[in-house]
Amino acid sequence: MKKNFCFVLFCFLVLSFFSCRRKASVHSELLMDTVCTVNLFDDGTDEIYSRIFRRLQEIENEFSVTKKDSVVSKINSAAGKNPVPVPPDVVRVTDFALRAASLTDGSFNIALGPLVDLWGINTGRAHVPDGAELDGVKDLIDWRDVVLDGENGTVFLKKSGMKLNYGGIVKGFAADEIVKILKECDVKKAVIDLGGNIYVYGSKDNGEPWKVGLKNPMNPASEPIEVLSMGEGSVVTSGVYERFFEQGGRRYHHILDPKTLFPAENNLLSSTVVSSSSMVCDLLSTATFVMGITASYALKPVIEDEFGCEVWFYFVDESCNVISPEFPLLPE
Ligand code: AMP
Ligand code: MG
């Protein structure tokens, strides 16, 4: 009897030890085509973690281009036919994306779906498209053919064959949505990492700034090329090392220039944006990579005004120089 009691007590202690540990542990899941990790430190409970990951799942179900029943797949299937009713998330992100397209003269373009599919980067059919293939998609990627009706909550693609792709913005939106949950749940500090799309939230117990490393594009697994010391905010990078394939001894990366229909070439290896809005960071990291340093700095005040937040750029050029906000235009 005594033996049994000791055994039950032992099990109870083991279980409570693990449940206490589980409370404060980091959670990771494969969502939105990437590893999503959230660390809530001491405020982490199973309840908050599951609320966060349920929300991420909901966002994936709306924006996925691989899930046939996602909202975006429905919009794409109805291209050239009819407007599709969409939830508020899709209205909001589409509105941001179209405003960004207008400001960047289409360098950021969610209508690039047919071109993204054609290049097939990160799929088994990645290849350099030939002229005929490019001709087949070039009239199907104009963001001005995307009609958002915010009042009625619908999205319509004017031409059959058009396809939306939110890969350059949705992780930023998702990080901002997690931050809303953190505020509601009174979480004091957190680190959100959605496939390299970072948000550091709150402040450290010792009052010291967060340290966020920027990957060395030449060797992403090595030491960071730069470490940012910062308060609360988001850090998002678009770089040549993230998704790419090689053909004929050349590397073709996943950030496409809608004007050339080829991977963007600006003598850059990566472009990082820091801001309080992760969605702005995400769309801008893609856009600035396409636009290059000079055009990005020219647009900075306009972007800040349009989206109501300050932004900072960190570019890495092809010689691996970090061009930070303090020295935006280094001499050639
Ligand atoms: P990111 O890693 O945030 O720069 O986003 C790149 C992803 O966005 C790609 O994998 C494509 O799905 C999509 N994409 C590529 N080029 C563009 C572009 N110029 N504008 C918007 N989305 C793009
Ligand atoms: Mg992006």
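Biologist: Which residues of α9 are buried?

Modeller: This is a predicted model, in which local features need pLDDT of at least 70, side-chain atom pairs count only at pLDDT 80 or more, and totals for chains, interfaces and linings use all residues. Residues are numbered from 1 along each chain as its sequence is written, chains are lettered from A and ligands numbered from 1 in the order in which they are written, and side-chain values use heavy atoms, with hydrogens and water left out. Buried means under 20% relative accessible area (1.4 Å probe, protein chains only), and helices are DSSP runs (H or I, at least four residues) numbered from the N terminus. The buried residues of α9 are Ile293, Ser296, Tyr297, Leu299, Lys300, Ile303, Glu304 and Phe307.

Biologist: At which residue does α9 bend?

Modeller: The bend is the angle between axes fitted to the seven residues ending at a residue and the seven starting there. In α9 this angle is about 45 degrees, and Pro301 follows within four residues of the bend, which lies at Lys300.

Biologist: What distance separates Asn165 from an oxygen atom of ligand 1?

Modeller: A polar contact is a pair of N or O atoms within 3.5 Å. For Asn165, a polar side-chain atom lies from a ligand 1 oxygen atom at 3.1 Å.

Biologist: Which helix gives the largest share of the shell around ligand 1?

Modeller: Ligand 1 is surrounded by 17 residues, with Ser107 and Asn109 among the closest; here near means a heavy atom within 4 Å. Three residues, the largest share, come from helix α8.

Definitions and conventions:
A polar contact is a pair of N or O atoms within 3.5 Å; within protein, one must be able to donate a hydrogen and the other to accept it, and residues adjacent in sequence count only if both atoms are side-chain atoms. Helices (H or I, at least four residues) and strands (E, at least two) are DSSP runs, numbered from the N terminus. Buried means under 20% relative accessible area, exposed over 50%, partly exposed in between (1.4 Å probe, protein chains only).
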